[in-house]
Amino acid sequence: MRARILGTGSYLPEGYLTNDDLAQWLDTSDTWIRERTGIRERHITKTGTVEMAVKAAEAALANAGVTSEEIDLILVGTMTPDYFCPSVSCQVQAELGMEHAVCMDIGAACSGFLFALATAQAYLTSGMARTALVIGSETLSKVVDWSDRGTCVLFGDGAGAAVVGIDEKGVLAIDMGSKGSKGMALPCPGIPLQNPLQDASEEGSQKSYIQMDGQEIFKFAIRTVPETVRRSLQAAGVCVGDVSHFFFHQANRRILETVAKNLRIPLEKVPMNIERTGNTAAASIPLLLDEWNRKGSLVRGEKLVLSGFGAGLSWGSIVMEW
Ligand code: ACO
């Protein structure tokens, strides 16, 4: 038996900022941002990660025809929880009344949804759960320095979700990896140390903002993503040409075009919405998947590849039958 996506949902906040809006206070331009990243605008929440996750989850449950009571596992990929505790997954549980569910958040940044879906596959196929709600939800707008043109133009807020059950068709193969030794190419510091054993002079004042070696991350992505996709396809016994769509983490249009070229995938098979969303980290893959599902662009049984990559560093690919 395999884990299979039964339905999807997503949520983008109403508020948004265009490149021209950013150019009002940053030394940047719509042309620079679009040419380097493919991004035109990004949505920004006024509420937070939990509320977006709940809205995406409600839509996914309705799409799957599954009730809240049937969910026994909630996994949320996020690097921007509203609270350190309770977890986003526990808060979603409380909002939606999923009393029988075990809840946990997965911290793998832009690979978060991919890692959460892989965890659901492990729980479901081992019999530890029957029906999972897998969510990616991010409020990246609170961890970017809005005066740093090198990072703030890239990111946006949003959430996507999938209801995952057990079926004969579904996940065929998974490849995942992490490289902590390169983690400082894309850090976002937490709360600085502050305790009675420290001298006042030692107290940190660093803000929790995403910092990034953009070129290092670019090189990492275009090298690692084709490798993980090839490994997962090989493990599934599936050729590149047999796959209908490749749902990549929406980090940067140029990265996705380079990866597609390397894998010899026509761009029609590489859905993108980064122009309207920016990089929404763990939310990007389920958001995109839901858009394609809702417009009827996915056919049950066809083969898909999902691939995420980002901070950690971390990466992964899942080959599945839709
Ligand atoms: N507007 C105008 N100029 C800018 C901007 C901006 N928004 N940002 C940077 N610049 C300037 C720089 O200051 C630099 O100026 P200088 O030459 O006078 O010093 C110049 O543009 C070139 O800067 P680079 O950093 O070399 O620009 P690059 O071509 O590498 O593009 C970018 C930067 C878009 C960030 C690119 O490196 C990239 O896409 N990297 C991957 C980033 C990414 O995808 N991160 C997320 C993945 S992981 C995750 O999802 C969390």
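At 17% relative accessibility, Gln-121 counts as buried, where buried means under 20% relative accessible area, exposed over 50% and partly exposed in between (1.4 Å probe, protein chains only). The model is predicted, with local features requiring pLDDT of at least 70 and side-chain atom pairs counted only at pLDDT 80 or more, whereas totals for chains, interfaces and linings use all residues. Residues are numbered from 1 along each chain as its sequence is written, and side-chain values use heavy atoms, with hydrogens and water left out.

Gln-121 lies in helix α5 (residues 112-125); helices (H or I, at least four residues) and strands (E, at least two) are DSSP runs, numbered from the N terminus. A polar atom of the Gln-121 side chain is 3.3 Å from the backbone nitrogen of Ala-3. Leaving out residues up to four places away in sequence, Gln-121 touches Arg-2, Ala-3, Val-171 and Ile-174, a contact being heavy atoms within 4.5 Å.

The protein contains nine helices and 11 strands. Its radius of gyration, taken over C-alpha atoms, is 19 Å, close to the 20 Å that the globule rule gives for 322 residues, so the protein is as compact as a globular protein of that length. The globule rule is 2.2 Å times the number of residues to the power 0.38. Along the principal axes, the C-alpha trace spans about 60 × 45 × 40 Å. Buried residues account for 56% of the 322 residues. Of the contacts between residues at least 6 apart in sequence, 77% join residues at least 24 apart. The accessible surface comes to about 14,000 Å², and carbon and sulfur atoms hold 49% of this area, as computed by the Shrake-Rupley method with a 1.4 Å probe, where for residues only the protein chains shown count as cover.

The largest nonpolar core has 44 residues, among which Val-229, Phe-248, Ile-255 and Phe-309 touch the most other members. Such a core is a set of buried Ala, Val, Leu, Ile, Met, Phe, Trp, Tyr and Cys residues joined through side-chain atoms within 4.5 Å. At least two residues of this core come from each of α6 (214-236), β9 (243-248), α7 (253-263), β10 (303-310) and β11 (314-321). The greatest contribution is that of α6, with seven residues.

Helix α9 (residues 284-294) is mostly covered, 10 of its 11 residues being buried. These buried residues include Ile-285, Leu-287, Leu-288, Leu-289 and Trp-292, along with Asp-290 and Glu-291. Just after α9, Gly-296 adopts a positive phi of about 75 degrees. In helix α4 (residues 88-96), the buried residues are Val-88, Ser-89, Gln-91, Val-92, Gln-93 and Leu-96. Their cover includes α3 (49-64), β4 (73-77), β5 (102-106) and β6 (132-139). Just after α4, Gly-97 has a positive phi of about 65 degrees.

Leu-26 is located in the loop between α1 (19-22) and α2 (30-37) and is buried, at 7% relative accessibility. Not counting residues up to four places away in sequence, Leu-26 touches Trp-146, Ser-147, Asp-148, Arg-149, Cys-152 and Val-153. The C-alpha atoms of Leu-26 and Thr-119 are separated by 40 Å, the two residues being 93 apart along the chain.

The structure holds zero disulfides, a disulfide being a pair of cysteine sulfur atoms within 2.5 Å. Cys-188 is in no disulfide, and the nearest cysteine sulfur, that of Cys-110, is 11 Å away. Cys-110 is buried, with a relative accessible area of 9%, whereas Cys-188 is partly exposed at 29% relative accessibility.

Definitions and conventions. Polar contact = N/O pair within 3.5 Å; in protein donor to acceptor, adjacent residues only side chain to side chain.
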